[in-house]
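Take a look at the structure below. We will walk through some of its side-chain pairs, then visit one loop.

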Amino acid sequence: MVQVYCKNTRSSKKFAEGTSLAQMLQEFEFEQPYPIVSAKVNNVSQGLKFRVYQNKDIEFLDIRDSSGARVYFRSVCFLLFKAANDVFPGSELYMEHPIAGGFFCHLRKADKSDVTCDDLKLLESRMKELVEADMPFHRFDVQTDRAIKEFRKSGYLDKVRLLETSGEAYTDYYTLDDTADYYYGKLVPSTGYLKLWGLRPYYDGILLMLPDIQCPDRLEEFRDQPRTYEMFKENLRWNIIMGLSTVGDVNHAIIEGQASELIQIAEALQEKKIVQIAEDIDRRYHDEENPTKIVLITGPSSSGKTTFCKRLSLQLKACGLKPMSMSTDDYFVNRVDTPKFPDGSYDFDNFDTVDHALMEEDIMKLIDGEEIDAPEYNFVTGMREYNGKKLQLGPGCILLIEGIHALNPALTDRIPDESKYRIFINTLTGIQLDNHNCIPTSDNRLLRRIVRDYNKGAFTARQTISQWPNVCKSEYQWIYPFQEMADVMFNSAYLIEFAVLKNHAEPILRTVPQNSPEYAEAHRLLKFIHYFTPVPDKEIPATSLIREFLGGSSFSF
């Protein structure tokens with residue numbers, strides 16, 4: 001017998017060795033407003049078919065938990081893939097990226113014809129049939145060479161290239177009826193768990209809609225994001241040109257000695273985009289009717305806003321302008337006046353953390369040519385200070401304002417739109433693990449933040465991971481609603497960034513103790529970055545955007 005402690009009920013029960021989590025769930029009584037889809041066993045995500053042979057701590061999860069949501073998403077992806085295989089034999093499905101409240105994917109039919117609304121109805125019908133049949137997902141753990149052989153036989157070369165560079169002796173994969181697929185995480189036990197999802201056409205592809213994790217009995221709200229779509233499309237175009245669309249492709253390129261060239265290309269692409277933005281700003285600055293006076297720069301946490309501002313300033317100087325920078329952080333209210341979360345902790349991302357009335361007043365004075373006393377926020381004392389810093393926009397000067405609330409219309413609502421140039425920076429990962437395993441864009445930023453916080457001695461990996469859910473929640477409330485207002489978007493993702501971050505992140509993530517709740521996320525991230533062939537950062541230039549997180553930047557912060 002094994003003893004299992006259930007965190008949901010705060011009670012223990014004994015079970016026969018080899019009892020599955022699904023069977024144990026029936027023995028623990030607790031409120032389940034939404035279906036349980038997975039569990040954490042000793043703080044490691046597991047599927048409900050997982051069998052217990054030793055004493056364990058278990059927490060059952062629905063899709064309100066990020067771990068449960070990922071299990072549900074992977075399972076729906078397999079459901080869609082199976083339906084596509086059944087309805088359109090010989091077709092290829094590409095799960096690409098989250099956007100517009102769903103996940104964007106391409107279906108390439110064998111006859112190369114466009115996907116129509118009638119095609120989507122056929123897919124939906126088949127998916128519903130599979131759900132009603134409650135078909136089981138079967139997991140197989142085999143030697144990696146055997147898995148590679150099976151996927152090669154099926155023509156899944158994206159999975160072959162990934163597994164060839166994984167370095168693992170054994171690999172697990174799943175089957176649904178006669179269809180096999182590979183996922184780097186767990187699935188639900190059967191298709192009957194997948195009650196809620198939706199398909200809708202979106203540009204030249206399909207949008208897979210999933211439940212809202214805040215309210216799982218309804219789908220996530222659709223939000224059209226044309227500018228974001230164009231940025232993804234631009235990134236995809238470059239990946240196709242370079243022949244690199246999956247991690248397996250990148251790993252093989254690194255093994256073949258192309259890492260230096262990939263770094264140089266990544267830097268060149270980013271610098272090219274910054275030059276284009278600077279030239280556009282210069283053109284608008286010299287517009288006789290509606291000259292641009294201020295540049296507003298924002299983006300989510302760890303998107304690289306600070307380094308971007310410094311590199312943009314250099315290019316603006318090369319255009320003959322005189323950029324002057326200010327940050328919304330310096331207009332923070334005193335800490336005692338900072339808004340708080342219900343648990344009493346400070347909500348530093350709240351819009352009211354910034355004294356926006358004072359900041360807008362100072363911006364207007366600067367635009368009118370007046371001199372202002374510029375505040376500086378003391379993060380040690382939690383007080384806004386005036387230390388004699390003066391700012392004034394002279395001839396040829398343009399004001400750069402950086403901060404997470406820079407695009408919020410309420411910050412500059414008295415300033416004409418024609419005087420503003422808005423830039424939104426995001427980290428939109430351009431590659432997938434394979435055609436069916438897309439990489440969450442937030443993982444890129446979380447790894448950046450973990451490495452930077454740890455190296456600076458600001459926070460441990462455990463603390464950074466603990467804070468991350470609130471960071472993401474604030475971003476969806478205060479930052480992302482305004483991204484489509486941007487005049488231009490800049491993608492700060494680096495083609496081989498995960499390969500570079502791996503050397504830094506792995507030892508840091510291993511410091512998270514297994515008995516902490518944060519271990520589940522640390523374990524997931526360790527498993528994720530294990531897929532990447534590492535690249536040393538010695539060839540990353542000192543002006544690179546990712547130096548802001550790795551250290552060694554030539555810019556001061």
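Start with Glu271 and Arg311, whose side chains meet in a salt bridge of 2.5 Å, N to O. Glu271 sits in helix 8 (residues 259–285) and Arg311 in helix 9 (residues 305–318), so the pair ties together parts that are 40 residues apart in sequence. The cut-off for buried is under 20% relative accessible area.

Keep in mind that this is a predicted model.

How many salt bridges does the structure hold? The count is 39. Another of them is formed by the side chains of Glu164 and Arg152, at 2.9 Å from N to O. Glu164 belongs to helix 5 (residues 157–164) and Arg152 to helix 4 (residues 144–154), so this pair ties together parts that are 12 residues apart in sequence. Now check the surroundings of both. Glu164 is partly exposed, with a relative accessible area of 37%. Arg152 is partly exposed too, with a relative accessible area of 44%.

Helix 5 also contains Lys159. The side chain of Lys159 meets that of Asp434 in a salt bridge of 3.3 Å, N to O. Asp434 lies in strand 25 (residues 432–434).

**A stop in a loop**

Now move to Asp537. Where does Asp537 lie? Find helix 14 (519–529) and helix 15 (547–550); Asp537 is in the loop between them. Which residues does Asp537 touch? Leaving aside residues up to four places away in sequence, Asp537 touches Val500, His504, Arg547 and Leu550. Look at His504 again. The side chains of Asp537 and His504 are joined by a polar contact of 2.7 Å.

Finish by tracing the chain back to Asp443. Asp443 and Asp537 are 94 residues apart in sequence. In space, their C-alpha atoms are 19 Å apart.

Note on methods:
Residues numbered from 1 in each chain as written. Predicted model: local features only at pLDDT ≥ 70, side-chain atom pairs only at ≥ 80, totals over all residues. Heavy atoms only, no water. Helix = DSSP H or I, 4+ residues; strand = E, 2+ residues; numbered from the N terminus. Contact = heavy atoms within 4.5 Å. Polar contact = N/O pair within 3.5 Å; in protein donor to acceptor, adjacent residues only side chain to side chain. Salt bridge = Lys/Arg side-chain N within 4 Å of Asp/Glu carboxyl O. Buried < 20%, exposed > 50% of the residue type's maximum accessible area, 1.4 Å probe, protein only.
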